[in-house]
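Biologist: I would like to learn how to read a protein model. Could we take its features in turn?

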Amino acid sequence: MAYYRPIPDERDLFYEYCSYAFTPENGLPAYDPDEHELPRDTLGSRRGLYASGAADDADPRCVCRHYWLEARVRGDALRTAGLASVATPPEYRHGGYVRQLLARSLAEYRDQDVRFSVLWPFRYRFYRRYGWDTCNRIVTHECEPTVLSFATEAADAPGSAGAGETELGSFRRLEADEYEALEPVYAAHVNRYGLALERDEEWWRHRVFEGHDRDPFVYAYERDGRARGYLVYTIDGEAGDRTMDVSELAATDHDALLALLSFCHRHASQVQRVRLRVPADVPLRDIARDPDEIDTAVADGPMVRVVDVAETLSALSYPDLEASLTIAVEDPLAEWNDGAFRLAVSDDRVTCERLTGDATPDVTLEIGALSQLVVGARSAATLERTGGLETTGSDAIETLSRLFPETGVYLGDRF
């Protein structure tokens with residue numbers, strides 16, 4: 001039997017485990033509290049899996065960190081846990097400890113009324129077998145800054161909202177104390193994308209305005225005295241081979257988007273490349289004059305998992321309709337999710353109850369596919385076409401599509 005518990009007083013050990021797991025090429029640098037106990041590093045809760053329940057057992061088989069978050073799903077802010085820093089030293093690998101750690105983590109989430117778990121995987125196949133699946137993709141555009149000259153021409157055109165350094169449109173570099181100026185822009189982003197995190201002051205200060213090795217630049221585009229867009233970026237490389245690496249770009253309207261792209265273009269004297277990491281629906285290739293000069297890569301982003309099927313499906317907001325379905329779920333890790341559930345939606349009530357005894361399901365699917373359906377990352381028709389779900393009734397796909405319409409999903413925060 002393994003014991004799962006907090007590890008608040010073993011931060012040096014936690015650091016050593018994570019260093020070996022994720023950056024072994026750096027060797028084992030000495031733990032420095034002044035360097036590794038910055039506010040950014042102390043966010044979240046450390047957990048470990050131990051061989052014994054003894055308080056003096058300081059040798060966990062594996063460790064992880066939980067971030068206690070809220071994310072928007074179908075218009076509602078729901079409790080979400082970010083799972084990170086899952087690490088096992090080599091002497092304890094292939095002993096089933098990570099599986100136990102993940103299962104115990106889910107049980108803790110369930111006790112805390114957490115609806116979703118999200119993570120950034122080191123390997124998708126590894127976490128998919130435990131019930132997590134991809135929630136959105138990340139699009140990265142890379143080009144020479146001169147390719148973005150079209151945005152400067154548009155922003156400087158007479159009558160443009162961003163023309164010139166006037167009160168109608170200007171840029172200003174922000175410090176962490178000014179994060180509130182960006183909140184209205186980010187709120188528009190949250191309303192556009194499912195699974196976007198609700199950011200509190202700590203998150204803005206220590207996850208947006210601070211970086212692991214160095215702090216990024218944060219610039220706001222302001223118009224009429226209010227921020228209408230912003231970007232977060234670093235400049236990497238050396239003179240003659242620099243890249244402006246934009247990790248976050250948010251705009252409230254098309255003119256603000258053009259202004260942000262123009263801001264990148266105006267770095268042509270400093271950098272040789274601009275790299276933009278954005279949601280898939282940011283229309284850069286559609287508006288660029290030379291899209292063939294832009295290298296675009298699409299990669300899988302984070303993964304999501306429903307923690308408790310009955311509680312989560314009961315807590316969601318649904319379209320204004322009446323419908324009911326029996327859903328059979330296969331879950332390899334959480335026994336409380338493995339079975340058949342009856343979902344009933346009406347104008348004034350939503351229930352999702354686990355069924356006992358034999359039940360003929362309308363839909364059968366794995367927990368990962370259900371999670372994608374619930375957050376809006378995949379439609380029911382897509383999941384059926386790709387083998388992610390099976391139905392027994394002719395109306396099941398239509399009902400699922402009405403209950404869980406596909407939506408824009410973008411979780412870009414790394415943790």
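Modeller: We start with aromatic rings. This is a predicted model, and the structure holds 20 aromatic pairs.

Biologist: How is a ring pair described, and what kind of pair do tyrosine 92 and tyrosine 97 form?

Modeller: A pair of aromatic rings is described by the distance of the centres and the angle of the planes. For tyrosine 92 and tyrosine 97 the centres are 6.4 Å apart and the planes stand at 85°, so this pair is edge-to-face.

Biologist: Is tyrosine 92 buried or exposed?

Modeller: Tyrosine 92 has a relative accessible area of 16%, so it is buried; the cut-off for buried is under 20%. Tyrosine 97, at 23% relative accessibility, counts as partly exposed.

Biologist: What kind of pair do phenylalanine 171 and tyrosine 221 make?

Modeller: Their ring centres lie 5.3 Å apart and their planes meet at 45°, so the pair is tilted. Phenylalanine 171 belongs to strand β8 (residues 170-173) and tyrosine 221 to strand β9 (residues 217-223), so the pair ties together parts that are 50 residues apart in sequence. Phenylalanine 171 is partly exposed at 26% relative accessibility, whereas tyrosine 221 is buried at 1%.

Biologist: Which residues do ring pairs link into a cluster?

Modeller: The cluster consists of Phe171, Phe217, Tyr219, Tyr221, Tyr233 and Phe263.

Biologist: Which arginine lies over the face of tyrosine 50?

Modeller: That is arginine 5, at 3.7 Å from the ring centre. Likewise, arginine 305 lies over the face of tryptophan 132, at 5.1 Å from the ring centre.

Biologist: Let us turn to helices. Which residues of helix α6 are buried?

Modeller: The general idea comes first. An α-helix has 3.6 residues a turn, so residues three or four places apart point the same way. In helix α6 (residues 149-156), the buried residues are Ser149, Phe150, Ala151, Thr152 and Ala155. Among the elements that cover them are α9 (254-265) and α10 (284-287).

Biologist: How many residues of helix α12 are buried?

Modeller: Helix α12 (residues 367-375) is mostly covered, with nine of its nine residues buried. They include Ile367, Leu370 and Val375. Glycine 376 follows α12 and has a positive phi, near 95°.

Biologist: How do I read a pocket? What volume does the second largest pocket have?

Modeller: Look at its volume, then at what lines it. The second largest pocket has a volume of about 450 Å³. Its lining has 18 residues, and Thr88, Arg93, Val98, Phe122 and Phe126 lie nearest its centre. The elements that give two or more residues to this lining are α1 (11-22), β4 (76-87), α4 (97-111) and α5 (124-128). The most comes from α4, with three residues.

Biologist: Where is glutamate 330 found, and what does it touch?

Modeller: Glutamate 330 is in strand β15 (residues 323-330). With a relative accessible area of 42%, glutamate 330 is partly exposed. Leaving aside residues up to four places away in sequence, glutamate 330 touches Asp338, Thr364, Leu365, Glu366 and Ile367.

Biologist: What is the mean pLDDT of the protein?

Modeller: The pLDDT is the predictor's confidence in each residue. The mean for this protein is 92, and 93% of its residues reach 70 or more. Over residues 163-167 the pLDDT is below 50, and beyond near neighbours in sequence this stretch has 10 contacts in the model.

Key: Residues are numbered from 1 along each chain as its sequence is written. This is a predicted model: local features need pLDDT of at least 70, side-chain atom pairs count only at pLDDT 80 or more; totals for chains, interfaces and linings use all residues. Side-chain values use heavy atoms; hydrogens and water are left out. Rings of Phe, Tyr and Trp (its six-membered ring) pair if their centres lie within 6.5 Å; planes under 30 degrees apart count as stacked, over 60 as edge-to-face and the rest as tilted. Buried means under 20% relative accessible area, exposed over 50%, partly exposed in between (1.4 Å probe, protein chains only). Helices (H or I, at least four residues) and strands (E, at least two) are DSSP runs, numbered from the N terminus. A charge sits over a ring if NZ of Lys or CZ of Arg is within 6 Å of the ring centre and within 35 degrees of the ring normal. Contact means heavy atoms within 4.5 Å. pLDDT is the predictor's confidence in each residue, from 0 to 100. On a 1 Å grid over the protein atoms alone, a cavity is a set of points where a 1.4 Å probe fits but cannot get out, and a pocket is an open set with protein on both sides within 12 Å along at least five of seven lines; lining residues have an atom within 4 Å of a point. Grid points are joined across faces, edges and corners, and a volume is the space filled by probe spheres set on the points.
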